[in-house]
Amino acid sequence: MELEPRRLVVLCAVARAGGIAAAARLLDLTPSAVSQAVRKLEDAAGVPLLDRSGGRAELTVVGARLAERGARIADEVAAAERDLTGTGDGPRGPVAVGATAAVLSSLAARAVAQASVRHPGLRPALKEVSGAEGLRELRRGTLDLAVLTCDGEYRPEPPDGCGLSVLFRDQYRLGVPAAWPQAAPDDPASLGDLPWIMAPEDSARGRARARLAARHGWGPPPVAHEAATWSAVSAMTAAGLGAVVLPTAVASRTPGLRILPVEVPGRYEAVVVHRTTPSGPPPPVLAVMGALAATVAGVAEELFDAGLLEVEPTVFRTLD
C-alpha cells in the first residue's frame with residue numbers, strides 16, 4: 001500500500017470544504033481532478049473513503065481518519081510556505097460569495113472588499129444572485145455562502161452541508177409619499193383603500209404587507225403597482241404612486257417617504273446561508289462572515305449617527 005501525500009491533502013480539503021466542488025475551488029482544481037484523486041487514494045487504501053450512496057458524498061470513518069492525517073500534512077506545508085514568504089496565519093484561497101440585490105450594494109460588496117484587505121491570501125469572488133439561485137448554487141457547490149433577505153417567519157431551508165446565521169434583523173415600517181396631503185389617513189383601517197406599491201407575494205415585503213392587510217381586514221387595493229427592488233420603490237414613492245412597507249434601514253433613506261406611526265407585524269432579516277463541516281465553517285467562509293458582521297455594525301452606526309435610524313444600532317443582531 002502506497003498513499004500519496006498530495007491525495008491525502010485533497011481528501012482533507014474535501015472534509016474541510018464540505019464537498020467535492022467546494023474543495024476544488026479551495027485547491028484551484030477542477031471537480032473531476034478532486035474526484036480522481038480521491039478514487040486513486042481509495043484504490044491505494046483498498047477501502048471506500050467517501051460514501052456516495054446519498055445525494056452528497058460523505059467521508060466514511062476511515063476517510064475521516066485519513067483526512068485528519070491530510071490536515072497535518074496541509075498544515076505543515078502551509079507553515080513551510082509562511083516561513084519562506086514571511087506571511088502570518090490567516091485564511092487563504094478562493095471563496096465564492098453570492099448576494100441578493102437588496103444587500104449587495106449596501107453590505108456584501110463592502111464586506112468582500114474588507115475581507116480582501118484583512119486577509120491578503122483570501123480570494124473572494126462576489127456574484128449577484130436571487131434567493132432561489134443562491135440556494136441552488138450552494139447545493140451544486142458553486143457558492144460557499146449566500147447573503148439573502150427574507151421575512152423572519154419564512155427563512156430559507158439550508159441545503160445539506162450548509163448552516164444558516166442571521167446577519168441582522170430589522171423592523172418593518174409603513175410609509176406614504178411625502179407629496180401626498182398631510183391628511184392622508186393614519187388610521188390603519190383606511191389605509192387599505194389607498195394605492196399601494198406592492199411586492200412579490202413570496203418576498204419579505206410581500207409577506208409583511210399581507211400580514212398587515214390580514215390584521216386590519218383590507219381587501220385588494222384600488223391601484224396595485226409592483227416593485228421588487230429598492231431603486232424601483234424609490235422611483236415610485238418619489239412620483240407619489242402609493243403606500244409601501246419597507247424595512248426601517250431602507251425606509252429611513254428613501255427620498256420622499258413619510259413614515260406613518262402604524263405597527264407592522266413581523267421582522268425583516270438578512271441571513272447568511274453558508275457551507276459548513278462537522279468542525280464548523282471553513283476558514284475562508286468564516287473570514288467573509290466576520291467581514292459581513294463588521295460591515296453591518298458599521299452601517300448601523302452610520303445611520304444612527306446621521307439621525308436616519310430611529311432606534312439604537314443594537315436593533316441589528318449581527319453574526320458576532
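Reader: How are H2 and H3 oriented to each other in this predicted model?

Author: This is a predicted model. H2 and H3 pack with their axes 8 Å apart. The angle between H2 and H3 is about 105 degrees. Angles from 65 to 115 degrees count as roughly perpendicular, so H2 and H3 are roughly perpendicular to each other.

Reader: Which residues of H3 does H2 meet?

Author: Start on the H2 side. H2 brings Ile-20, Ala-21, Ala-23 and Ala-24 to the contact. On the H3 side, they meet Pro-31, Val-34 and Ser-35.

Reader: How many residues in the contact of H2 with H3 are polar?

Author: Sort the residues of this contact by class. Six are nonpolar and none is charged. The polar count is one.

Reader: Is Pro-31 buried, exposed or partly exposed?

Author: Pro-31 is in helix H3. Pro-31 touches Ile-20, Ala-21 and Ala-24, leaving aside residues up to four places away in sequence. Buried means under 20% relative accessible area, and exposed means over 50%. Pro-31 has a relative accessible area of 43%, so Pro-31 is partly exposed.

Reader: How far apart in space are Pro-31 and Gly-19?

Author: Along the sequence, Pro-31 and Gly-19 are twelve residues apart. In space, the distance runs from C-alpha to C-alpha. That distance is 9.6 Å.

Reader: At what angle do the axes of H1 and H2 cross?

Author: H1 spans residues 5–17, and H2 spans residues 20–27. Their axes come within 8 Å. H1 passes H2 in a right-handed crossing. The angle is roughly 115 degrees.

Reader: Which residues of H2 make the contact with H1?

Author: H1 supplies Val-10, Ala-13, Val-14 and Ala-17. The contact has nine nonpolar residues, no polar and no charged ones. The H2 residues are Ile-20, Ala-22, Ala-23, Leu-26 and Leu-27.

Reader: Are H1 and H3 parallel, perpendicular or oblique to each other?

Author: H3 covers residues 31–45. H1 and H3 pack at an angle of about 120 degrees, with their axes 9 Å apart. Roughly perpendicular stops at 115 degrees, and roughly antiparallel begins over 145. H1 and H3 are therefore oblique.

Reader: What is the handedness of the crossing where H1 passes H3?

Author: Look at the two helices where they pack, with axes 9 Å apart. H1 passes H3 in a crossing that is left-handed.

Reader: How many charged residues are in the contact of H1 with H3?

Author: From H1 come Arg-7, Leu-8, Val-10, Leu-11 and Val-14. From H3 come Val-34, Ala-37, Val-38, Lys-40 and Leu-41. Eight residues are nonpolar and none is polar. The charged residues number two.

Reader: Which strands do the buried residues of H2 pack against?

Author: The buried residues of H2 are Ile-20, Ala-22, Ala-23, Ala-24 and Arg-25. They pack against the helices H1 and H3. They also pack against strands: S1 (50–51), S3 (93–99) and S11 (267–275).

Reader: Is Cys-150 buried or exposed?

Author: Cys-150 lies in strand S5. Its contacts include Arg-155, Pro-156, Ala-204 and Tyr-268. The cut-off for buried is under 20% relative accessible area. At 5%, Cys-150 is buried.

Reader: Which residues does Pro-159 touch?

Author: Pro-159 is in the loop between strand S5 (145–151) and strand S6 (162–177). With 6% relative accessibility, Pro-159 counts as buried. Leaving out residues up to four places away in sequence, Pro-159 touches Leu-135, Leu-138, Arg-139 and Val-273.

Reader: How far apart are the C-alpha atoms of Pro-159 and Arg-275?

Author: Along the chain, Pro-159 and Arg-275 are 116 residues apart.

Reader: What share of the residues in the chain is buried?

Author: The chain has eleven helices and eleven strands. Its accessible surface comes to about 15,400 Å². The chain holds 320 residues, and the buried share is 46%.

Conventions:
Residues are numbered from 1 along each chain as its sequence is written. This is a predicted model: local features need pLDDT of at least 70, side-chain atom pairs count only at pLDDT 80 or more; totals for chains, interfaces and linings use all residues. Side-chain values use heavy atoms; hydrogens and water are left out. Axes are lines fitted to C-alpha atoms, for helices over the stretch in contact, and angles run from 0 to 180 degrees between N-to-C directions. Helices (H or I, at least four residues) and strands (E, at least two) are DSSP runs, numbered from the N terminus. A crossing is left-handed if the near helix is turned anticlockwise from the far one by less than a right angle, and right-handed if clockwise. Contact means heavy atoms within 4.5 Å. Ala, Val, Leu, Ile, Met, Phe, Trp, Tyr, Cys and Pro count as nonpolar, Asp, Glu, Lys and Arg as charged, and the others, Gly among them, as polar. Buried means under 20% relative accessible area, exposed over 50%, partly exposed in between (1.4 Å probe, protein chains only). Accessible areas come from the Shrake-Rupley method with a 1.4 Å probe; for residues, only the protein chains shown count as cover. Angles under 35 degrees count as roughly parallel, over 145 as roughly antiparallel, 65 to 115 as roughly perpendicular and the rest as oblique.
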